Amino acid sequence: MQTGRRGFLVSLGGITLGRAAAKRPPNIIWIMADDLGYGDLGCYGQNIIQTPNLDRLASEGTRFTDAYAGCTVCAPSRSVLMTGYHMGHTSVRSNPGGVPLLSSDVTIAERLKPAGYRTGGFGKWGLGDIGTDGVPWKHGFDEFSGYFNQVHAHWFYPEFLYQNDKRYPLRGNTDARRTTYSHDVIAEKGLQFIRRNKDAPFFCYLAYTLPHLELLVPEDSLRPYRDRIVEEKPYVDPKKHYADQPEARAAYAGMVSRLDRDVGRVLALLTELRLADNTVVFFTSDNGSAVPLWGEDYFRSTAGLRGHKQNLYEGGIRVPMIARWPQRIAGGAVSNHPWAFWDAMPTLCDIADCAAVPGIDGRSVLPALLGRPQKPAEFLYWELPRYNGKTGRFADEMPMQAVRTGDWKAVRPRPNGPLELYNLRADPRESTNVAEKEQAAIARIEEYLRTARTPPRPQVDPPQDFRKAS
């Protein structure tokens, strides 16, 4: 992949960059939405919610149709992204809120920082709360602003966020008042980081919290949808956990559009600073859509795929993925190359001309990004083991699992249950289980599953260092 180190010629997937480009590695921005569905963007078929900036990003870059999150819920998916290990090996395989990475875990930021990158994260971390080994500054980030505990991130009008290890008060947010929308603060912090670091290579991880519940968005984003969307009934959280707006559908649409607005601000800033041509921008979501959990499909947020967040059918793990790098990644292209979050570390390290962690599950998909022929990985793997929050231990059983190999997709929808088998080319909605007819394919997948995972370590959720203010 490389014909030399920086200062010489660097060949990326068959494209050779000159001496000037090699002196300044490309900036990398990874933008990740929270619970955004595969079908929530116009460029993926959405026709109600307006996403002009992300649609433009897709027209200027490559849109992937078969890209996957690391897991079907938040924290494990982020662990897979950061460590390069899939769900059979990554450290955080539970989702209570603050379970930390191990001190021995090495993240993307820890590989990019020695390569000369300034590293910043903004939004939802979910891989370790204050006082644990999982906090971002122990894992390569120069700065981080936002939420550490993902349960804290369930509220959009909290009394504070964190700026590294210090609480950052949000003006006007109390039990009775909602003044400062947390996403807006996070988005602004990310823009400030890019502006401050315009003269050096940077890695900016924008882990936005939209459009995760609770369903709250400021009036300027709600208003455009109020008269266009039919509200059959207000969404009511059955656990009484959230302070949702009664116009649930309009609120959700407004949250996605606000997310799109702030992606547009990132792209505009890159243009203003003349950084666009030397910046690789990725956009994705941490898992599949949660909208079907409401019991409706008004927006077709899964684009017709089966399942949703919390299960391992395609609707729970297939996510939008867009990559833009002017003059390197083809504009307006569509790729069906299958890849997943554990491929992010080796891919970003390949772009940055540094080494990924040896022995991880991921592999670089830079050739596919650049439109070059690349053979897909033989197997992609997911699981979601059952977890006891009181003991910190996992059930001793074969967990819920999924495997993709070529066009075959196997799903174990229940612990210790039988595998189902679907042909994604012929049956992308996973409607016809052909396991009994395709015993050879099942036997091959079961052989792989015998070595696909190691038992997860016990995981203790630390005391929660926050409180709700809504």
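**Exercise 1. Which residue of strand 20 is the bridge partner of Ala 410, and how do strands 18, 19 and 20 join?**

Step 1. In strand 20, Leu 421 is the bridge partner of Ala 410. The model under study is predicted: local features need pLDDT of at least 70, side-chain atom pairs count only at pLDDT 80 or more, and totals for chains, interfaces and linings use all residues. Residues are numbered from 1 along each chain as its sequence is written, and side-chain values use heavy atoms, with hydrogens and water left out. Helices (H or I, at least four residues) and strands (E, at least two) are DSSP runs, numbered from the N terminus.

Step 2. Strand 19 and strand 20 (residues 420-423) run antiparallel and are joined by four bridges. Two strands pair if DSSP finds at least two bridges between them.

Step 3. Strand 18 (residues 400-405) also runs antiparallel to strand 19, with five bridges joining the two. Ala 402 stands opposite Val 411 in strand 19.

Step 4. The hairpin of strand 18 and strand 19 has two residues between the strands, and Gly 406 in this hairpin takes a positive phi near 60°.

Step 5. Because four of the five residues of strand 19 (residues 408-412) are buried, this strand is largely enclosed by the rest of the structure. Buried means under 20% relative accessible area, exposed over 50%, and partly exposed in between (1.4 Å probe, protein chains only).

**Exercise 2. Identify the residues that touch the most other members of the largest nonpolar core, and list what Phe 282 touches.**

Step 1. A nonpolar core is a set of buried Ala, Val, Leu, Ile, Met, Phe, Trp, Tyr and Cys residues joined through side-chain atoms within 4.5 Å.

Step 2. The largest such core has 68 residues, of which Trp 30, Phe 203, Tyr 205 and Phe 282 touch the most other members. Helix 9 (residues 344-352) gives the largest share of this core, six residues.

Step 3. Apart from this core lies another, of 64 residues, including Ile 49, Val 185, Tyr 235 and Leu 273.

Step 4. Leaving aside residues up to four places away in sequence, Phe 282 is in contact (heavy atoms within 4.5 Å) with Ile 28, Ile 29, Trp 30, Ile 31, Met 321, Ile 322, Ala 323, Trp 339, Leu 348, Ile 351 and Leu 369.

**Exercise 3. Where do Pro 211, Ala 303 and Glu 430 lie, and what marks their backbone?**

Step 1. Most residues other than glycine have a negative phi, and most peptide bonds are trans.

Step 2. Pro 211 is in the loop between strand 10 (202-207) and helix 6 (219-226). The peptide bond from Leu 210 to Pro 211 is cis, with omega near 0°.

Step 3. Ala 303 is not a glycine, yet has a positive phi of about 55°. The loop between strand 11 (279-285) and helix 8 (314-317) holds Ala 303, which counts as partly exposed at 24% relative accessibility.

Step 4. Glu 430, likewise not a glycine, has a positive phi of about 50°. Glu 430 lies in the loop between strand 20 and helix 11 (439-449) and is buried, with a relative accessible area of 0%.
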